[in-house]
Amino acid sequence: MNKLIKMGVISLVTVSLAGGIFGTVATLSNNNAVSAAKHHVKNINNNDLTTGYGENSLKPGYYKTDVEFTNQDTWFTKKAHKVVAVKSSQQDDILLFATKKQFNRLQNGTKATVTLHAKNEKINGEKGIDLYITKLSITSGGTSAKAKAKQAHQKLLDALSAKKDELNQSSEQSVGVDVINSMDEVVEHSYNVYLDPAAIDGNETEVKALITNINTTLVQTAKDNGDIGPSFEYYVGNMKVAVNKMFDPDQVKMKN
């Protein structure tokens, strides 16, 4: 359950994240409510980032503490920010709002010192506290935006390779040969697909239908992994037989 603080009283609201993980906003475990005047940053221990009730709840203001980011698969977008999770001494993770620039530097295991702005906001129609990262100082495990983009691109290539293997397995079962001999990335997001002549056998209508099915599968895989406009060219030997359309990549155009 995500425990949202309302004027010193805790209201309970469920926030469901991908993968079934539930998060908890930060509160303090000491006996007195902790407040921070605007522009005054209060240092707090990471052990104090626990759930609390009533007078123990975090007050609006600014706080500084050390955190470790975790459960990246559950991070999501809200209010033009990324909602990320950090480890807590409690069972649930604590949820923080990060900007896109901050998000691009984070991954599982990133450790950092953060300054947090605890803001009163309406959450599911009721007032509560959201925690925004106003300053991020990574101490270990961070990644640059360039490195993160490289990781995302490799994930795309791995997904396309796995889909090629699935197509070949299906082709083996139906016609006894791999339909795709190889697939090469010519430039980023542009691919040459080399088809086996034995699998591409039939009249023009049948061949176009087969290549269209292959293309639809590959394009959807690319889209699912962040590439909204992949380019595929299809070859039999050294002869180009089809390309997908630039503005409608699901469709293919046959070459004479």
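**A close look at one residue**

Modeller: Happy to. Beyond neighbours within four places in sequence, Asn192 is in contact with Ser182, Met183, Asp184, Val186, Glu233 and Tyr235, where contact means heavy atoms within 4.5 Å. This is a predicted model, in which local features need pLDDT of at least 70 and side-chain atom pairs count only at pLDDT 80 or more, while totals for chains, interfaces and linings use all residues. Residues are numbered from 1 along each chain as its sequence is written, and side-chain values use heavy atoms, with hydrogens and water left out.

Asn192 is part of strand E12, residues 190–195 (strands are DSSP runs of E with at least two residues, helices runs of H or I with at least four, numbered from the N terminus). Asn192 counts as buried because its relative accessibility is 12%; the cut-offs are under 20% for buried and over 50% for exposed, with partly exposed in between, using a 1.4 Å probe and protein chains only.

Now for the setting. The protein chain holds three helices and 15 strands, and 42% of its 256 residues are buried. Of its contacts with a separation of 6 or more, 53% join residues 24 or more positions apart.

Then there are the pockets (open sets of points on a 1 Å grid over the protein atoms alone, where a 1.4 Å probe fits, with protein on both sides within 12 Å along at least five of seven lines; lining residues have an atom within 4 Å of a point). The largest pocket holds about 560 Å³, a volume being the space filled by probe spheres set on grid points joined across faces, edges and corners. Its lining has 18 residues, with Lys148, Gln151, Ala152, Lys155 and Asn225 nearest its centre. Helix H2 gives eight residues, the largest share of that lining. By type, the lining of the largest pocket has five nonpolar, six polar and seven charged residues (Ala, Val, Leu, Ile, Met, Phe, Trp, Tyr, Cys and Pro are nonpolar, Asp, Glu, Lys and Arg charged, the others, Gly among them, polar). The second largest pocket holds about 200 Å³. Helix H3 (204–224) and strand E14 (239–244) are the elements that give two or more residues to its lining.

A word on confidence: the mean pLDDT (the predictor's confidence in each residue, from 0 to 100) is 80 for the chain, and 78% of residues reach 70 or more. Residues 1–38, however, have pLDDT below 50, with 127 contacts in the model beyond near neighbours in sequence.
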